[in-house]
Amino acid sequence: MPSTITQAMRTMKAAADNPNDYVAHWKRRTGRKSLGVFPMNFPAELAHAVGVLPVVIQEDREPITVGRNLLGDFNCGYTRSVADQAALGRLDVYDGFFHADHCIQLLGAVDVVREDEGDKPVYFGQLMSSLSDDWAFPQVLSKMADFRRELEAFADVRISDSDVARSIAVFDTNRRAMREVFESRRSGDAALSPSEIQILVKSSMVMDKEEHTELLREVIENSNPVPRDGRIRVHLSGHFCHAPKPELLDVIEECGAIVVDDDLFHGTRYVSTDIGPFDSPMEALASVYLRRNTAVPCPTRVQHEVDWDGFLVDSVRESGAQGVIVLMAKFCEPHMLFYPELRKALGSHSIPLLLIETEHEGLPMESIRTRVEAMVEKIRRKHLSAV
């Protein structure tokens with residue numbers, strides 16, 4: 001791998017692995033504020049427009065200690081990690097916290113942040129979960145205006161529509177560059193491993209977007225295409241809030257599989273939809289909230305025109321994936337409730353499926369390895385018998 005890629009990847013990996021260090025350095029360098037935001041629907045473009053750094057709070061790798069007393073063990077690992085980070089002061093680098101509705105468990109974690117970071121603003125914006133109704137768009141547009149007012153108060157600055165438009169252009173440029181990586185992978189170029197692609201996405205959630213785009217371009221321009229080999233092609237699905245552990249992604253490919261597509265939050269879901277072009281930047285921000293769910297449906301939203309199971313079947317066909325590996329965070333209620341529909345849809349189309357339940361405290365990697373190997377072997381034998 002050329003040295004330019006190595007250095008760019010090292011910089012992005014450092015931000016992905018240690019977001020708080022990056023944020024602290026950015027604040028010292030710029031003298032500006034940072035904002036902790038939560039998955040999945042916060043309009044980070046507005047935060048960028050007021051001159052602050054919006055950072056998606058990540059699950060960290062530290063064992064959960066104090067957080068065990070703040071949220072029940074039936075909460076997912078991400079929310080318990082957020083509560084633990086807040087209680088132990090690991091979120092002190094942020095000057096405020098903003099949240100757009102996602103799930104009940106995450107609301108509990110944000111309440112812990114509100115209690116332990118009591119001297120800082122914590123704003124909760126309730127976005128519509130029903131997207132097919134006639135009143136959905138005006139309601140979302142109104143909420144975007146609320147976010148704008150709250151962010152202007154937070155940063156003590158007024159922004160114009162042209163400021164918002166400039167920030168949208170910065171974010172769209174980053175999304176388009178990221179999608180180049182995903183499109184190359186889907187078409188057969190395996191130049192980057194799943195864990196390396198995750199570094200690209202995760203660091204994008206943390207870093208200044210313009211800085212990140214420059215590094216991303218270095219990686220793209222210096223990557224050498226690797227033709228698709230004989231490994232079994234799989235689609236990764238799930239994980240709405242936090243990144244799958246890199247060692248899990250590595251094991252999947254060590255077992256003879258190659259990831260050709262995904263709908264992970266730390267993947268295709270995060271970069272699926274551009275905001276522009278537009279006449280009104282605020283209307284564009286509202287519309288992309290609805291359009292994003294059309295591009296990659298989410299079980300936390302209701303939109304009658306699209307459904308996640310149909311999307312998944314179509315994605316498998318388009319990418320040529322030979323099987324689906326579902327990564328389900330333990331106690332993720334939206335995913336647990338929707339999973340039977342996914343299994344039914346994939347089964348009706350004879351698409352092999354493997355469910356792997358993940359958790360913060362650790363994964364039985366050898367057991368997972370055995371199960372993935374069994375799936376790969378089953379698909380390989382089926383393919384050989386059909387030849």
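This report describes the sheet and the aromatic residues of a predicted model.

## The sheet

Strands of a sheet pair through backbone hydrogen bonds, in either a parallel or an antiparallel manner. In this structure, four strands form an open sheet in the order β2-β1-β3-β4, and the pairing is parallel. Strands β2 (53–56) and β4 (122–125) stand at the edges with a single partner strand each, so one side of each has no neighbour in the sheet. From one strand to the next, the twist averages 25°.

Strand β3 (residues 97–100) and β4 run parallel and are joined by four bridges. Within this pairing, A100 has G125 of β4 as its bridge partner. Helix α2 (residues 19–30) packs on the sheet, where it touches β1 (34–37) and β2; the direction of the helix makes about 175° with that of β2.

## Aromatic pairs

The whole structure contains 10 aromatic pairs. One of them joins F98 and Y123, whose ring centres are 5.4 Å apart and whose planes lie at 50°, so the pair is tilted. Because F98 belongs to strand β3 and Y123 to strand β4, this pair ties together parts that are 25 residues apart in sequence.

Y123 also pairs with F147: the ring centres are 5.7 Å apart and the planes stand at 80°, so this pair is edge-to-face. F147 lies in helix α6 (residues 136–155) and Y123 in strand β4, so parts 24 residues apart in sequence are tied together.

## Burial and the cluster

F98 and Y123 are both buried. The relative accessible area is 16% for Y123, while F147 is buried with a value of 0%.

Ring pairs link F42, F98, Y123, F147 and F154 into a cluster. K33 lies over the face of F154, at 4.8 Å from the ring centre.

Methods:
Residues are numbered from 1 along each chain as its sequence is written. This is a predicted model: local features need pLDDT of at least 70, side-chain atom pairs count only at pLDDT 80 or more; totals for chains, interfaces and linings use all residues. Side-chain values use heavy atoms; hydrogens and water are left out. Two strands pair if DSSP finds at least two bridges between them. Helices (H or I, at least four residues) and strands (E, at least two) are DSSP runs, numbered from the N terminus. Axes are lines fitted to C-alpha atoms, for helices over the stretch in contact, and angles run from 0 to 180 degrees between N-to-C directions. Contact means heavy atoms within 4.5 Å. Rings of Phe, Tyr and Trp (its six-membered ring) pair if their centres lie within 6.5 Å; planes under 30 degrees apart count as stacked, over 60 as edge-to-face and the rest as tilted. Buried means under 20% relative accessible area, exposed over 50%, partly exposed in between (1.4 Å probe, protein chains only). A charge sits over a ring if NZ of Lys or CZ of Arg is within 6 Å of the ring centre and within 35 degrees of the ring normal.
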